[in-house]
Amino acid sequence: MSGVEALGCLLEGEVVPGAGQGVVALYREPYGPVRACSAAGLRGVALEEFGPVSEPVPYRGRKGIITYWPVATREQTVVCGSLRQWRLAVELDFEPAWAAFSACPVELRWRAGGRERRWRPDFVARTAEGVREVLVLKPPGQESVPASRLQVLEAVAGDAGWRVRQRREPSGLRRRNLEWLAGYRFPTGDEDSRGQALLKVFRKPAGLRAGVAASGLDELTGLDLAYRMLWQRRLLFDITQPLLPDAVAWTA
């Protein structure tokens, strides 16, 4: 990989005791070269603001497609190498618990069984409290990523000051609701006065269509704004129920 700031024989996979099981980490700063460091060298690095080490490349038999997810609250586009990653990116963008995230911004390399191993954890994210987390998708039908990988990741996280979290992609009704709302995640023009009218109406739980009618807004314009406010969490709803025009919402 061109542009790597080499660390001597580390890139050949030599094991260095006490350095996250001899792991070498590769990452790319925005518009910069690929850098290599030990696990401890990742401490404080804002990987959640970086892009992938290199853009994912589709290959024959791959289940998924490359997608580009423009984040709603930041000038950042997250590159996802599979539909499973994309679905989790939608959820991370919706949930206020995460302030920033990026897909596959770091590649871990280490030696095991006489071979060099490589792995890019699915996401690095920063929580609203400022904690950096590495998020990995659980394999379909399994409760955990392989123990060998998890052991390496936890060793790296200990040196880097990260928290490890395994997640499942959203599915079923939750996934459908999130994907529907994602189409309304960007504001359009001046919505303050109309938004205030909806906030006033939904002080008490009401169906979306009924609330829009009570606000005096045009039905199509009002529903469009109501969905946008649901994404923004200015209005709340039960995500376990179908998000139909008559779904009940209330003021946050």
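User: What do the residue numbers and values rest on?

Analyst: Residues are numbered from 1 along each chain as its sequence is written. The model is predicted, local features need pLDDT of at least 70, side-chain atom pairs count only at pLDDT 80 or more, totals for chains, interfaces and linings use all residues, and side-chain values use heavy atoms, without hydrogens and water.

User: At what angle do the axes of α4 and α6 cross?

Analyst: Two packed helices are described by the angle between their axes and the distance between the axes. Here the axes of α4 (residues 192–201) and α6 (residues 219–231) come within 10 Å and cross at roughly 80°. The two helices are therefore roughly perpendicular (65 to 115 degrees).

User: Which residues make the contact?

Analyst: With contact meaning heavy atoms within 4.5 Å, α4 brings R194, G195, L198 and L199, and α6 brings T221, G222, L225, A226 and M229. Five of these residues are nonpolar, three polar and one charged.

User: Which element gives the most to the lining of the second largest pocket?

Analyst: Lining residues have an atom within 4 Å of a pocket point. Strand β5 (98–103) gives the most, with four residues. The lining has 18 residues, and A72, T73, D93, F94 and W231 lie nearest the centre.

User: How are the planes of F101 and F123 set?

Analyst: Rings pair if their centres lie within 6.5 Å, and planes over 60 degrees apart count as edge-to-face. F101 and F123 are edge-to-face, 6.1 Å centre to centre with 65° between the planes. F101 lies in β5 and F123 in β8 (residues 123–127), 22 residues apart.

Conventions:
Axes fitted to C-alpha atoms, helices over the stretch in contact; angles between N-to-C directions. Parallel < 35°, antiparallel > 145°, perpendicular 65-115°, else oblique. Nonpolar A, V, L, I, M, F, W, Y, C, P; charged D, E, K, R; others polar. 1 Å grid on protein atoms, 1.4 Å probe; cavity = no way out; pocket = protein on both sides within 12 Å on 5 of 7 lines; lining within 4 Å. Phe/Tyr/Trp six-rings, centres within 6.5 Å; stacked < 30°, edge-to-face > 60°.
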